[in-house]
Amino acid sequence: MKSSFLRDALFHTLRFGFRLLPLREATRDRWRQRFLDRHAQLVPDGPRGHWTIHESPSRGIPRHRAGEPAIGSTPHRKGALPTPLPATLVAFYLPQFHPIPENDAWWGEGFTEWRNVTRAMPQFEGHAQPRLPSALGFYDLRIKDVMRKQMQLAREYGIGAFCFYHYWFAGKQLLQAPAEQWLSDPSLDLPICLCWANENWSRRWDGRADDILIAQDHSPEDDLAFIAHVAPYLRDPRYLRVDGKPLLLVYRAGLLPDAATTAKRWREWCHTHDIGDITLACVQGFERLDPRSIGFDAAVEFPPNMATPTNITAQQRLINPDYHGQVLDWRELAREVSTRPMPDYTLFPGVNPAWDNEPRRSGRGRVYAHASPRGYRDWLEQTITQRASKLPAPQRLVFINAWNEWAEGAVLEPDMRLDHAWLDATRDALQRASGITPGTRVRPCVIIHAWYPELLDEIVAALRASDLDWRIIITTAYEREVTVNKRVAALKLDCEVHAFPNHGRDILPFLQVADRLLNEGADTVLKLHTKRSTHRNDGDTWRKELLDRLLAAHRARAIYDAFAHDSGLGLVAAEGHVQPLHYFWGANQDTVHYLCTRLGLSMPDTERDHFVAGSMLWLRLRAIRPLLDAHLGPWEFEAEAGQVDGTLAHAIERIFTLSSRAEGLRLETAASICGEPDTAIPTYPYARRDH
């Protein structure tokens with residue numbers, strides 16, 4: 001019933017409820033009219049509750065589906081954690097997922113953070129909003145079993161503790177129920193620590209002195225009242241300790257009138273009340289305090305705060321013409337923070353998986369684009385191995401912002417788009433930081449898309465003639481799966497067969513498999529498909545020429561060895577099939593430009609850049625990582641209608657070379673790799689040229 005209500009609320013808000021959004025009246029009217037002009041209909045799509053903004057057939061606007069898995073969606077799966085763990089991961093935890101009387105009065109009856117989450121709308125093309133929960137659902141933290149499931153999931157994927165935001169206003173508590181629930185139930189055994197969010201609450205959601213809802217009133221008396229209040233947590237044996245001392249964070253220590261005196265009061269009180277020494281840490285969210293200057297023991301990094309990546313708002317294609325937010329480059333944030341030198345005071349480094357507070361600031365949100373689970377994994381691994389490793393072993397804490405900040409897009413919990421991918425990346429980072437790498441044996445991999453199963457015989461014969469130890473993966477459409485399996489059995493072929501909807505030509509199935517292979521540690525892939533191009537008379541000739549130039553017995557070994565010994569090699573194409581990008585450009589230009597923005601690539605130079613025609617080539621998976629890390633949705637690919645050009649799949653063919661270049665890798669031809677003449681063909685015989 002609750003799930004149905006939320007779906008209905010989201011539907012009616014998006015279709016009719018622009019008046020509910022906190023925008024100027026004229027802005028709301030213009031945005032609503034633009035929405036109605038551009039989109040034919042908005043419907044909850046199917047029994048799984050996928051939310052779809054359908055494109056207008058006359059304009060071809062891409063759809064947005066908030067509830068459908070994207071490329072890279074990762075299911076829950078068991079996995080081993082290293083022993084011992086290389087660091088203790090502490091995830092910030094927001095308790096605002098249950099109603100309280102104060103929020104009822106300020107925001108409307110029944111308010112929780114989910115109301116913000118479900119009202120979010122995409123502001124620009126590729127903006128993944130709303131972001132909706134999957135495995136844990138729209139939970140209510142008054143239900144004890146919810147926290148139990150959260151803690152089980154966190155422990156399974158390597159999170160060592162939660163850091164609960166604690167709201168105390170001169171004796172007035174807010175949102176304390178989840179922490180009190182933990183305190184009263186010893187079976188909730190994941191350690192926690194508290195972070196006193198000692199700032200005002202305002203309608204801006206940022207603690208600033210604008211339209212204050214409830215204010216702080218710091219005083220010596222409040223210092224003592226607060227430490228007495230949190231004492232039961234500090235005494236609990238499950239509470240997180242550093243060097244045996246309970247850890248207490250202050251979110252904005254700079255707001256304390258005299259932080260050093262406050263720290264002294266707290267320490268004295270704890271010594272006289274059988275708690276002993278405590279570890280005090282200040283969060284570096286708004287100022288980069290040296291904790292020693294205020295009598296604290298440590299600081300905690302809090303990205304994305306205190307960083308200034310490039311503003312890329314102007315590069316986005318706006319859906320909301322009145323968007324007044326910011327779009328920043330998350331990749332720059334990760335590079336800058338992960339390489340900061342450690343200071344000479346104790347600093348617990350921080351990592352941020354993603355950030356997008358559009359749900360809290362409709363039309364004015366700050367979005368960090370290009371965040372991805374693999375990028376977060378790399379940042380976390382580097383933080384553990386190069387920054388936290390400089391701390392003594394008992395102090396190796398890394399803070400993650402956050403476990404469940406759904407309205408700020410900083411979430412590790414499973415979501416509808418990528419499921420458990422962020423948690424999987426967390427465990428993967430711990431394994432890599434401990435020297436445990438994916439166990440895939442280094443061998444060439446071939447991915448064959450088989451729409452015409454009868455052509456498998458030809459491809460398999462060429463693979464066997466190459467005398468390489470292939471890992472063979474065949475993708476096909478559901479309706480061809482039985483026939484493909486029969487051919488595989490007849491050929492006595494050791495391979496994997498994966499069936500997908502007949503959607504996205506050979507490109508979408510390839511990307512779905514390539515994403516998994518990249519996570520498994522595979523490196524070199526040969527991409528093939530049973531190409532016939534039935535709209536042409538020379539389709540079979542085209543296919544055979546590509547196969548011969550990429551897979552001839554004397555070439556396959558040389559190409560594979562080149563990838564093994566040349567780390568700068570990204571793509572290898574059949575000679576004669578590398579074409580200038582301005583060939584066949586007209587129908588693909590707009591989508592290629594969209595993809596460059598979506599992937600964070602530089603715009604192409606059509607006179608100097610090239611693409612590989614025919615969609616068959618060798619590649620290093622790292623060469624297409626920007627494409628995979630964009631996590632395109634299958635719904636973004638057009639329905640199959642016999643198109644010969646101008647689809648998203650055709651545009652992605654032209655992105656391979658641009659993605660490889662962005663990764664610092666180069667394109668070669670098979671002939672040049674093998675030391676053979678690389679004859680140029682004046683006019684490409686297998687397709688027309690744009691003029």
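**A loop residue and its surroundings**

A: Asp274 lies in the loop between α8 (259-272) and β12 (279-284), where helices (H or I, at least four residues) and strands (E, at least two) are DSSP runs numbered from the N terminus. The model is a predicted one, in which local features need pLDDT of at least 70 and side-chain atom pairs count only at pLDDT 80 or more, while totals for chains, interfaces and linings use all residues. Residues are numbered from 1 along each chain as its sequence is written, and side-chain values use heavy atoms, with hydrogens and water left out.

Although Asp274 is not a glycine, it has a positive phi of about 65 degrees, and its relative accessibility of 74% makes it exposed; the scale runs from buried (under 20% relative accessible area) through partly exposed (in between) to exposed (over 50%), with a 1.4 Å probe and protein chains only. Lys492 also has a positive phi, near 50 degrees, in a residue other than glycine. It lies in the loop between α13 (481-491) and β23 (496-500), and it is exposed, with a relative accessible area of 72%.

Two other loops hold cis peptide bonds. One runs from Thr83 to Pro84, with omega near -5 degrees, and Pro84 sits in the loop between β3 (64-65) and β4 (88-93). Another joins Asn401 and Ala402, with omega about 20 degrees, and Ala402 belongs to the loop between β18 (397-400) and β19. Strand β19 (residues 404-405) contains Glu405, a residue that is buried at 5% relative accessible area. Leaving aside neighbours within four places in sequence, Glu405 is in contact (heavy atoms within 4.5 Å) with Leu94, Tyr165, Arg360, Ala410 and Val411.

Ala522 touches Leu517 and Leu621, residues up to four places away in sequence not being counted, and its C-alpha atom is 7.9 Å from that of Arg443, 79 residues apart along the chain. Thr606, in the loop between α17 (589-599) and β27 (610-612), touches Leu581, His582 and Trp585, again not counting residues up to four places away.

For the protein taken overall, there are 20 helices and 29 strands, and 58% of its 691 residues count as buried. Among contacts between residues at least 6 apart in sequence, 75% join residues at least 24 apart.
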